[in-house]
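Please have the structure open in your viewer while I go through a few of its local features.

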Amino acid sequence: MFPEHRPRRLRRTESLRRMVRETHIRIDDLIYPIFVKEGASLKEPIEAMPGQFRYSPDMLPKLAKTISSSKIPAVLLFGIPKEKDPAGTSAHRRDGVIQQAVQRIKDAAPDLLVITDVCLCEYTDHGHCGILDDKGEVSNDDTLEVLSTVALSHAKAGSDIIAPSDMMDGRVGIIRESLDESGFEHIPIMSYAVKYASTFYGPFREAAGSAPSSGDRKGYQMDPANVREALREAAYDIEEGADIIMVKPALPYLDVIRLIADEFDTPLCSFQVSGEYSMIKAAFTMGWLNEDACIMESLTCIKRAGSDMIITYFAPRVAELLS
Ligand SMILES: [Zn+2]
């Protein structure tokens, strides 16, 4: 009898498809990124990311309660300070924008996990992720000290997970050491282990005002053409003490996610970045894509590739769709 195999039998109805489905998105997989801007009573729309806003810390309790009641387990905070300087000192002020934000959120929604991004690009006047040397290059080792100070200030403010995104060599190790020495040995590190120098970060830079004033970030973020290097980056971070590793961006890098998931048993997170979000939003606005279906398909593919959790600006919408 021809055909001998009939895989279509299991696709005939939605019930059959549900029964044999291999990958499921759960609310528990989601992490929602939030931009926090120093100031008061702010909820500024981000032009390149329709539906996303910059919130001042006093606006966060309400948002945190909404996120928490939707059962999304975690948020990831990015700070936009009032003052910038060459060393990014506002990143580790005790009353800095992130430090205030963490306290506000933890007071309002104690069960909501607060992950804090540790980097300097939003806080330096030159917009690079580290301290510049005499030649204008990012000095790796000078930056490490500042990063560990920032991480410690986040932990003191109540951050649940520290997430260094700077791509300096050795930063996971030095942050782990400084957390441990100060009694924060229980605070996990989620490292942006495999972070590419991606064009898809464009809308984020508008949102956070963090575009470098000169040059680019190719001297520390990874070349999009490389994949063996991703294995080395992940291995170093795990060895230095990363509890969760990340691949960023997500959708154009599914092969990298799959490789890392196969190679390491450390929990894996992927970041569906601003450009991925804005593309779907733009196509929906033009009437070219079905937004909800596209959101769910993109996240399912990221999870199918091997990601355990996903940072996505769509998190609140996905929580609605799933419940
Ligand atoms: Zn940065």
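I begin at the end of a helix: α7 is followed by Gly241, whose phi is positive, near 120 degrees. Helices here are DSSP runs of H or I with at least four residues, strands are runs of E with at least two, and both are numbered from the N terminus.

Two remarks on the basis of these values. This is a predicted model, in which local features need pLDDT of at least 70 and side-chain atom pairs count only at pLDDT 80 or more, while totals for chains, interfaces and linings use all residues. Residues are numbered from 1 along each chain as its sequence is written, and side-chain values use heavy atoms, with hydrogens and water left out.

Now to the helix itself. α7 spans residues 228-240, 13 residues in total, and its first and last C-alpha atoms are 19 Å apart, close to the expected 18 Å; that expectation is 1.5 Å times one less than the number of residues. Its buried residues are Ala230, Glu233, Ala234 and Asp237. They lie on the same side of α7, because they cover an arc of only 95 degrees around the axis, the arc being that of the directions from the helix axis to the C-beta atoms. Buried means under 20% relative accessible area, exposed over 50%, and partly exposed in between, with a 1.4 Å probe and protein chains only. On the face turned away from the buried side we find the exposed residues Arg228 and Glu239.

What do the buried residues of α7 pack against? Their partners are α5 (171-181), β7 (190-195), β8 (244-248) and α8 (254-263). Contact here means heavy atoms within 4.5 Å.

Leu231 is also found in α7, and it counts as partly exposed because its relative accessibility is 23%. Not counting residues up to four places away in sequence, Leu231 touches Leu259, Ile260, Glu263 and Phe264.

Ile260 leads us to the largest nonpolar core, which has 101 residues; Ile260 is among those with the most contacts inside it, along with Phe35, Leu77, Met190 and Val194. Helix α4 (residues 140-157) contributes the largest share of this core, eight residues. Such a core is a set of buried Ala, Val, Leu, Ile, Met, Phe, Trp, Tyr and Cys residues joined through side-chain atoms within 4.5 Å.
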